[in-house]
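Colleague: I am new to this one. Can we go through it in short steps?

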Amino acid sequence: MENKQYSLDTVCAALAYAMGIEAPQNAAEKNPVLSAYIDSVFGGEKADRVLMYNPDAIARWIYEKYRRFMADATEHAEVEVPLEAVMPSVTPVCFGTMYTGAQPQIHGIQNYEKPVIKIDTLFDAMLRAGKKVALITYGACSLGKIYLEREMDYFHFDFEKGGEAAVNAKAAELILRDEHDFILIYNGNYDSVMHKFGPESPEALGELRANSHIFGCLSNLICENWKHHNTLAGFAMDHGCHEIDGNCGSHGLAMDEDLHIVHLYKGYKKEA
Ligand SMILES: [Zn+2]
């Protein structure tokens, strides 16, 4: 991979740039790799649809070592964006940075805790620009909590109501309904299984392949049903992971395995 690795805080302004809106107030400078790709794929136009698929804890080293499990995702990606997660490399801290563009001391989540973020976020910036936003989450996940209290559509599923399967079905439904400008989808299955059985266990790699497959399915739906939109689709994890004693997995430390990740993006230019 040739692209230089920038901080995860550069993604937010690049997503704002993709949509042609102002970045949130505390966002770091936009990621140059992603913004250059946006310029080229849309020929100077902007994306009127963004789909962010957020799997949890897929490390760069896992991505590079197990690419054969990632084929559905890589077939629906045109640019790799190497990134460094923020510290501590845990879910609410990193997703807090992804959608504010701010470091943890600015967005306020500096531990594994899930308060509602009070500073300006990409969601607030989109709402100011008149965008319609959907967040699709499940269980006790961070993304189902830290961006509450905004005027957007929250679809949240408890495990008894289908968990991640319900999330992915709702994502497909929203693509077909074609009413939202921005759709966020959270899938934490790789992370949950990785913690229990280890990052390279057959159980975890099965979930990795599932994440890749879902992104492929959603990308196909975009391709078939959003031909009249410029769409940016991202496969965008929060942080990586490493193996610990007892064949378990973990993350949260300042080590390359936990910090280095690679986002995948593809733009779908509307048909003339
Ligand atoms: Zn996470």
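Modeller: Gladly. Keep in mind that this is a predicted model. Start with strand E4 (residues 133-138) and strand E6 (residues 182-187), which are joined by bridges and run parallel.

Colleague: How many bridges join E4 to E6?

Modeller: The two strands run parallel. The number of bridges joining E4 to E6 is four.

Colleague: Which strands stand at the edges of the sheet?

Modeller: The sheet is open and mixed, with eight strands in the order E1-E3-E10-E7-E2-E6-E4-E5. An edge strand has a single partner, so one side of it is left without a neighbour in the sheet. That applies to E1 (6-7) and E5 (153-157).

Colleague: Which residue of E10 stands opposite Val79, and which is the bridge partner of Gly234?

Modeller: E3 pairs with E10 in the antiparallel sense, over six bridges. E7 also pairs with E10 in the antiparallel sense, over five bridges. Val79 stands opposite Tyr265. Gly234 has as its bridge partner in E10 Tyr265.

Colleague: How many residues of E10 are buried?

Modeller: His260, Val262, Leu264, Lys266 and Tyr268 point one way from E10, and they are buried. Ile261, His263, Tyr265 and Gly267 point the other way and are buried too. E10 is therefore largely enclosed by the rest of the structure, its buried count being nine of nine.

Colleague: What angle does helix H10 make with E2?

Modeller: Helix H1 (residues 11-19) lies across E2, E3, E7 and E10, at about 155 degrees to E2. Helix H10 (residues 202-225) packs on the sheet and touches E2, E6, E7 and E10. Its direction makes with that of E2 an angle of about 170 degrees.

Methods. Residues are numbered from 1 along each chain as its sequence is written. This is a predicted model: local features need pLDDT of at least 70, side-chain atom pairs count only at pLDDT 80 or more; totals for chains, interfaces and linings use all residues. Two strands pair if DSSP finds at least two bridges between them. Two residues are in contact if their C-beta atoms, placed from the backbone, lie within 7 Å. Axes are lines fitted to C-alpha atoms, for helices over the stretch in contact, and angles run from 0 to 180 degrees between N-to-C directions. A residue is buried if 20 or more other C-beta atoms lie within 10 Å of its own, exposed if 12 or fewer, and partly exposed in between; C-beta atoms are placed from the backbone.
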